[in-house]
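Let's take a walk through a protein chain together. Keep the sequence and the 3D view open while you read.

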Amino acid sequence: MAENDPEVHPMEPTEAQPKTDVESASTPSEELRRRKNKRMKCLACVAVLAILLTAIILSFALTVMHVKNPKFRLSSIEVEDLSFSPSATSPSFNLKLDAELAIKNTNFGHYNYENSNITLAYRGTKVGEALISKGRANARSTKEIEITVDVNSSNVSSDSNLVGDLDSGILSLTSYGDLSGKVHLLEVFKKKKSPQMNCTINIDLVNKEIQDWNCN
């Protein structure tokens, strides 16, 4: 009996399934999403940069560009020479003072000041004066100025309080002055500033020394 050959059934070609509208549109949609995300990231970076720049500009304006009045103070004072007479008929005093003034400039630009004067007064009347030559206080530093002042009673010899004050052994004087100048920032901006000094000085006539002093 002849063997039956197995039947060979040729495979029918499978038909390609057509893509649905959703599948065919998925690729462009994803591309659009990616582009949108990229744009959003760029915008976020720009926003962060703008905030940082604003913060830097504000910080610069509040610190570097904010100009303060330099401080003008009496930092030390000594009696070099002193004589006085509490005589009721002709009361008098003569003294020489060595003093050191300080100009403290806390700004980020230097301070140029013009010639000025320091006045010493007894009960409001001038009894001595010293010249301050024009100069410069560097940025964020303190400029020290040494002066010598000759003080005498020629303008106040007729003051009715003078005998009593000299007899007490303590002579009280006031010292005042101001500076006129400009703070220079970045060699472009210039702002006028006029610091003032106002001090009270008590002098021990017997011991020929400064008892104390106080500045406002």
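**Starting from the sulfur link**

Let's begin with a pair of cysteines: Cys199 and Cys215 form a disulfide, with their sulfur atoms 2.0 Å apart. The label disulfide is given to a pair of cysteine sulfur atoms within 2.5 Å. If the word is new to you, a disulfide is a covalent bond between the sulfur atoms of two cysteines. The structure holds one disulfide. Here the pair links distant parts of the chain, with Cys199 in strand S11 (residues 196-204) and Cys215 in strand S12 (residues 209-215), 16 residues apart. The link of Cys199 and Cys215 is right-handed, with 100° about the S-S bond.

Before going on, a word on where this comes from. This is a predicted model, so local features need pLDDT of at least 70 and side-chain atom pairs count only at pLDDT 80 or more, while totals for chains, interfaces and linings use all residues. Residues are numbered from 1 along each chain as its sequence is written, and side-chain values use heavy atoms, with hydrogens and water left out.

Is Cys199 buried or exposed? Cys199 is buried, with a relative accessible area of 0%. Buried here means under 20% relative accessible area, exposed means over 50%, and partly exposed is in between (1.4 Å probe, protein chains only).

S11 and S12 run antiparallel, and six bridges join them; two strands pair if DSSP finds at least two bridges between them. One of the residues to look up is Thr200, whose bridge partner in S12 is Asn214. The two strands make a hairpin with four residues between them, and in this hairpin Lys208 takes a positive phi near 55°.

**Stepping back to the whole chain**

Of the 216 residues in the chain, 29% are buried. Next, think about contacts, meaning heavy atoms within 4.5 Å. Among those between residues at least 6 apart in sequence, 68% join residues at least 24 apart. Lys68 is found in the loop between H1 and strand S1 (71-85), and is partly exposed, with a relative accessible area of 46%. Leaving out residues up to four places away in sequence, Lys68 touches Thr106, Asn107 and Lys193. The C-alpha atoms of Lys68 and Asn105 are separated by 8.3 Å, and these two residues are 37 residues apart along the chain.

**Charges along the helix**

The structure holds four salt bridges, each one a side-chain nitrogen of Lys or Arg within 4 Å of a carboxyl oxygen of Asp or Glu. Go to Glu31 first. The side chains of Glu31 and Arg34 meet in a salt bridge at 2.7 Å, N to O. Why do these two sit about one helical turn apart? That's because Glu31 and Arg34 are three residues apart in helix H1 (residues 21-63).

Glu31 also forms a salt bridge with Arg35, where the closest N and O atoms are 3.5 Å apart. Glu31 and Arg35 are four residues apart in helix H1, so about one helical turn separates them too. Put together, Glu31, Arg34 and Arg35 are linked in a network of salt bridges. Glu31 is partly exposed at 31% relative accessible area, and Arg35 is partly exposed at 48%.

Elsewhere, Lys126 forms a salt bridge with Glu129, the closest N and O atoms being 3.8 Å apart. Lys126 is partly exposed, with a relative accessible area of 39%, and Glu129 is partly exposed as well, with 41%.

**Out on the surface**

The chain exposes about 14900 Å², and carbon and sulfur atoms supply 52% of that. Such accessible areas come from the Shrake-Rupley method with a 1.4 Å probe, and for residues only the protein chains shown count as cover. On this surface, Leu186, Val188 and Phe189 form a nonpolar patch, with about 310 Å² of accessible area together. Patches are made of residues with over 30% relative accessible area and no salt bridge, where like charges are joined within 9 Å and nonpolar side chains (Val, Leu, Ile, Met, Phe, Trp, Tyr) within 5 Å. Leu186 is found in the loop between strand S9 (181-185) and strand S10 (189-193), and is exposed, with a relative accessible area of 54%.
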